[in-house]
Amino acid sequence: MKKRIITIVAVSLLLVGTVIVMRAQQDQAKPIPQQTKPSKPESKPSEAKPEPGGRTQPGEQQKQTDEQQKHAKQEQQKQASEQRRRAQDEDNDQQTDRHEAQAQGSRPGSPQRGVRIPDDRFREHFGRNHKFRVERIVLVENRPRFRYTGYWFELIDPWPADWSYSDDCYVDYIDEEYFLINPMHPGIRLAVIVVD
């Protein structure tokens with residue numbers, strides 16, 4: 001009888017020990033929940049820690065993918081911003097070149113600045129009180145010119161389609177440049193230079 005009791009106790013202890021060992025193995029197989037701190041920044045892809053065996057956890061893989069996509073998007077935005085800045089710089093350079101050319105008294109593409117008419121001569125023959133008709137345009141070296149009061153004027157801008165050669169016009173001096181102006185079309189000024 002004593003043997004039976006000892007056998008039952010031994011088997012019971014063995015069963016209890018087995019249950020304890022199985023439970024411990026199950027606890028080890030479950031991932032340990034990590035406490036997250038609200039102020040902890042997201043880990044960068046280079047900081048992801050692989051599990052033993054070289055594999056990364058699924059959550060870490062998603063973080064890596066998200067970070068890579070975020071970095072790629074930031075790179076694209078940076079490149080697009082750089083391209084816009086370069087294009088704007090080129091536009092600014094072109095505008096500066098045009099302004100410098102105008103400040104020098106010539107238009108882009110004009111061969112020279114031209115001759116300046118003396119002030120007293122200008123007041124006598126030019127300005128809004130001295131109208132004339134451009135009746136004839138002559139081409140000299142493929143550049144259109146007309147003659148008035150002893151001066152040749154070379155057209156820098158193209159002749160407007162709605163202007164007639166029989167319209168009354170006058171030459172005016174504005175911002176150190178000469179312009180042919182048609183009073184019938186006040187919004188249009190035709191740039192000209194005085195040539196020898």
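Does Glu141 count as buried, partly exposed or exposed, and at what relative accessibility? In this predicted model, local features need pLDDT of at least 70 and side-chain atom pairs count only at pLDDT 80 or more, whereas totals for chains, interfaces and linings use all residues. Residues are numbered from 1 along each chain as its sequence is written, and side-chain values use heavy atoms, with hydrogens and water left out.

The protein chain has a mean pLDDT (the predictor's confidence in each residue, from 0 to 100) of 76, with 69% of its residues at 70 or more. Over residues 96-111 pLDDT stays under 50, and where pLDDT is low the predicted coordinates should not be read in detail.

Four salt bridges, each a side-chain nitrogen of Lys or Arg within 4 Å of a carboxyl oxygen of Asp or Glu, are found in the whole structure. In one of them Glu141 pairs with Arg143 at 3.6 Å, N to O; Glu141 counts as exposed, at 64% relative accessibility, and Arg143 as partly exposed, at 29%, where buried means under 20% relative accessible area, exposed over 50% and partly exposed in between (1.4 Å probe, protein chains only). Another joins Asp168 to Arg133, with the closest N and O atoms 3.3 Å apart, and this pair links strand β5 to strand β1 across 35 residues, strands being DSSP runs (E, at least two residues) numbered from the N terminus. By contrast with exposed Glu141, both Glu154 and Arg145 are buried, and their salt bridge has its closest N and O atoms 3.5 Å apart.

Definitions and conventions. Contact means heavy atoms within 4.5 Å. Helices (H or I, at least four residues) and strands (E, at least two) are DSSP runs, numbered from the N terminus.
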